[in-house]
Amino acid sequence: MDLVCDTNIWYGIADGRIDPKSIKKDGHRLLASHLNILELLSSMYVSNYSARRKAAVAIIKHADDYLESSEFHLSKLWGIEPLGPDVGYIDAIDILANSSTLQAVWRGGKNATGKRFNLDMNSAIKWREDHYSKFKSSILSICDIIVPKFSEIRMKGKSFQISKDIANQFRKFSSDPKIRERLLMASFERVATGNRNLTIPGDQQIRSASVSLDAYLRAYLEYLVYSVESKPPDENDLGDLEFLLYVQNSRVFFTKEKRWLTIGEAVGLGGKITANP
């Protein structure tokens, strides 16, 4: 299997809780992504710098391949030619892994080929915070449709008991094929933005994308239910959902986070979201 690694996997390899050799002996491959480096660089302070640098070292040492960015990959799944070159992030991993201080990361450095590379961390962090914050707001808005004042109460940290009837109503809402279709088309709009040459996708194009994005769509819809019944949405959840954009063919999302394992089991994705490959 090709294992799309959650960032907690790289932390686990770095501190010895996960043995990459035992995973690879069965023919599995560990795949890194820009989602990992975004998470490592965001909210990085002196207190967590060492752990994050070690995670970057684990990526450099043990990643068998580097995935294209989620935007680039999503474009290909829709059969759309990406508007420009993919975002480079391997240099950023290399600089973090080979840095000696947090300040050195901010200054940038030379990549593996000796070329000077500056990390525009402020822009990367701002993009992540804006993008992830909008995701959290949109999820809360959806929850409020079925459960009035849900966001107001849950985001204050208060418990929220919903009746079985409302829970079933929300589950019915999230399982509506029209909601899945709307989510699918939102992924098209995401990569079509700014491309004036694109037209409305054809039926075959939609069917193909729906198959390719099946794991992502099923997990996303179950996540809506989970957000109401179990734990309110968090901005970082978007990053985890983004990993599922890559789950096609032999690719599996490799994570140790219980939330995603629970969601995967609930929608029959146990073989596509795993903690033990």
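A contact is defined here as heavy atoms within 4.5 Å. Among contacts in the protein between residues at least 6 apart in sequence, 69% join residues at least 24 apart. The model is predicted, so that local features need pLDDT of at least 70 and side-chain atom pairs count only at pLDDT 80 or more, while totals for chains, interfaces and linings use all residues. Residues are numbered from 1 along each chain as its sequence is written, and side-chain values use heavy atoms, with hydrogens and water left out.

The protein contains 15 helices and 7 strands, taken as DSSP runs (helices H or I, at least four residues; strands E, at least two) numbered from the N terminus. Of its 277 residues, 48% count as buried, that is, under 20% relative accessible area with a 1.4 Å probe and protein chains only.

Strand β1 (residues 2–5) is covered on both faces, with Asp2 and Val4 buried on one side and Leu3 and Cys5 buried on the other. Strands are paired if DSSP finds at least two bridges between them. In the parallel sense, β1 pairs with strand β2 (residues 29–32) over 3 bridges, where Arg29 is the bridge partner of Asp2. Strand β6 (residues 251–254) also runs parallel to β1 and is joined to it by 4 bridges; in β6, Phe253 stands opposite Val4.

Helix α4 (residues 46–62) has 17 residues. Its buried residues include Asn48, Tyr49, Arg52 and Ile59. The buried residues of α4 pack against β2, as well as α1 (7–14), α3 (34–41), β3 (65–66), α6 (90–97) and α7 (102–107).

Methods
Buried means under 20% relative accessible area, exposed over 50%, partly exposed in between (1.4 Å probe, protein chains only). The expected span of a helix is 1.5 Å times one less than its number of residues.
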